[in-house]
Amino acid sequence: MSEVKAEDAHLQQMGLALQDGSFLKEHPFQPPWTSHSLLFPSTWAEPGIKSLLHSRHVRADLLLADLDVLQPVMARAYGGWDSAVTLGWNWDRWFGDWRNRLAARGSEEISLDDAFAPMDQLLAFQHDNHTQIPLDRQTSDGSQTALLARAPGSACTEIRSSDRIFSINTNDAGQHVRTAQLWTRGARSFINASYIATPTSYGVPQAVHCGGDWITVQPLGDRRGKPWSSKLKELWKETLGRVRPSVERIGDGIVYARLPEFDSAHYDGVSRQGWANRKPSDHVLIVDLRDNGGGEVDYGLDVLKGWVDQDQMIRFDSIGSQVNSSCLYAALKWSYADDNGNAQMQRWLDRMAQPFPSDCPRSVDRTPSRWTYLQHHFNPKPSDMRIIVLVNSGCGSDCELMTEELASLPQTLVVGANTYGLCQLIQPGYSVLPHTGLHYRMALGRSDPYGDNRSVDGYGLDVDVVLPDVDRLGRESMRELAAIVARP
């Protein structure tokens with residue numbers, strides 16, 4: 001109870017209003033489930049750099065006890081629950097098998113890889129790059145792009161990567177070979193090309209099997225979908241400093257906007273002094289989203305004010321989505337809320353104060369799609385300023401949202417390599433497994449960017465123009481590219 005009172009005092013000192021009693025329950029991880037379940041004292045937050053030294057082992061019996069918390073939470077909150085069932089997943093059997101694995105180990109200390117191997121099975125069955133249970137163990141599996149040596153003459157059914165063979169699901173357009181344009185440095189025009197995207201876990205792409213032929217492929221980029229843990233990224237921010245957004249003119253009528261990861265560390269306190277201002281002669285805007293891991297898209301939209309007609313762009317609520325809603329939703333979102341300040345935190349507190357049924361049932365809030373990525377086509381008017389959106393396999397989450405928003409404009413061309421693939425299972429929520437003390441992240445919703453249920457997590461959003469040197473593209477090459485795009 002001392003922790004309960006201390007947390008109430010802490011929130012009141014922050015200027016936040018509690019409307020339904022104490023913030024914490026005395027037993028937050030036991031039923032009956034309420035809007036204040038799963039909440040924990042702020043002193044339990046991840047210990048930063050110390051977490052990198054966390055033991056890579058866990059007691060089997062403690063994790064077994066944690067499954068009695070995890071299962072009811074996932075049943076109410078996990079955004080991929082229904083989609084997995086549709087694909088043939090049996091949740092009761094999966095949890096039962098996991099419990100049997102752990103029970104056989106008694107109180108033995110086992111490695112995280114061994115303890116959470118069932119999570120690998122789930123994420124291999126249904127790619128989900130927002131869910132990470134636990135955060136101490138990286139499971140995110142981003143995309144990699146490979147260029148085919150020639151166009152296939154028939155449907156492609158297999159891909160060979162790192163001397164292993166993977167089937168291509170004919171019913172999943174996300175796994176299929178794409179057609180696009182290709183540009184290489186020094187070329188004066190685009191040419192037709194074929195490429196494929198695969199999860200990084202497949203290994204290095206070598207060839208695709210199309211009809212009776214194996215067609216060799218060339219992997220693109222310096223880093224093919226290499227995933228980094230959120231904790232390591234935070235450590236890098238502390239030790240390597242912040243990349244700042246900027247808008248500058250790099251040629252006659254060519255403007256370059258660099259948008260790093262969308263978080264306060266990069267954008268707060270940034271001065272616009274010295275940034276380029278719009279001129280009537282400007283005809284190409286390059287929006288560089290390479291290695292932007294996401295965050296809050298409004299940071300990027302603020303930079304682009306005056307350059308892009310944002311009233312004509314689609315926004316997130318135009319992209320079809322569904323979110324699992326229950327009494328647990330606000331509590332799971334709470335641990336992410338402090339990145340967006342007191343206003344968002346107060347909104348979550350107000351939601352917790354709303355009445356919920358005593359058994360905390362799950363409902364699904366659906367937003368119908370009013371635009372899909374399949375509707376994106378580069379079809380500018382002669383007077384339009386062309387927009388080049390430069391992306392690579394490091395573009396994830398809200399970076400992909402910005403790519404979709406800009407792609408809804410007819411003057412936008414998406415260029416580079418497929419994005420990371422972090423926008424299908426969405427709305428991350430956070431909590432902790434109480435017996436082991438391991439923090440986790442769970443997707444609470446699902447979107448369908450293409451409108452046809454194709455795989456996007458681990459495959460990314462497609463590009464219009466493939467760039468073999470996307471990760472090394474410099475200013476001179478950008479000017480060459482802009483000159484081609486600007487042609488009538």
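**Exercise 1. Find which residues have the most contacts inside the largest nonpolar core.**

Solution. Start with the core itself: the largest nonpolar core has 57 residues. Such a core is a set of buried Ala, Val, Leu, Ile, Met, Phe, Trp, Tyr and Cys residues joined through side-chain atoms within 4.5 Å. Buried means under 20% relative accessible area, exposed over 50%, and partly exposed in between, with a 1.4 Å probe and protein chains only. Inside this core, Met 74, Trp 91, Trp 98, Phe 116, Trp 334 and Met 442 have the most contacts. Next, look at helix α2 (residues 60–77), which gives the most to this core, with 8 residues. Helices (H or I, at least four residues) and strands (E, at least two) are DSSP runs, numbered from the N terminus.

Quick note before you go on: this is a predicted model, where local features need pLDDT of at least 70 and side-chain atom pairs count only at pLDDT 80 or more, while totals for chains, interfaces and linings use all residues. Residues are numbered from 1 along each chain as its sequence is written, and side-chain values use heavy atoms, with hydrogens and water left out.

**Exercise 2. Work out which strands stand at the edges of the open sheet of 4 strands.**

Solution. First write down the order: β14-β13-β18-β17, with antiparallel pairing. Two strands pair if DSSP finds at least two bridges between them. Now check the ends: β14 (363–367) and β17 (425–433) each have a single partner strand, so one side of each is left without a neighbour in the sheet. Then zoom in on β17 and β18 (residues 438–447), which pair over 8 bridges. In that region, Leu 425 sits opposite Arg 446 in β18. Finally, bring back α2: this helix packs on the sheet, touching β13 (321–325), β17 and β18. Touching here means heavy atoms within 4.5 Å.

**Exercise 3. Decide whether strand β15 (residues 386–391) is largely enclosed or left open.**

Solution. Count first: 6 of its 6 residues are buried, so β15 is largely enclosed by the rest of the structure. Then sort them by face: Arg 386, Ile 388 and Leu 390 lie on one side, with Ile 387, Val 389 and Val 391 on the other. Now find the neighbours. Strand β12 (residues 284–288) runs parallel to β15, joined by 5 bridges, and Val 284 has Arg 386 as its bridge partner. Strand β16 (residues 412–416) is also parallel to β15, again with 5 bridges, and Leu 390 stands opposite Val 415 there.

Methods:
Axes fitted to C-alpha atoms, helices over the stretch in contact; angles between N-to-C directions.
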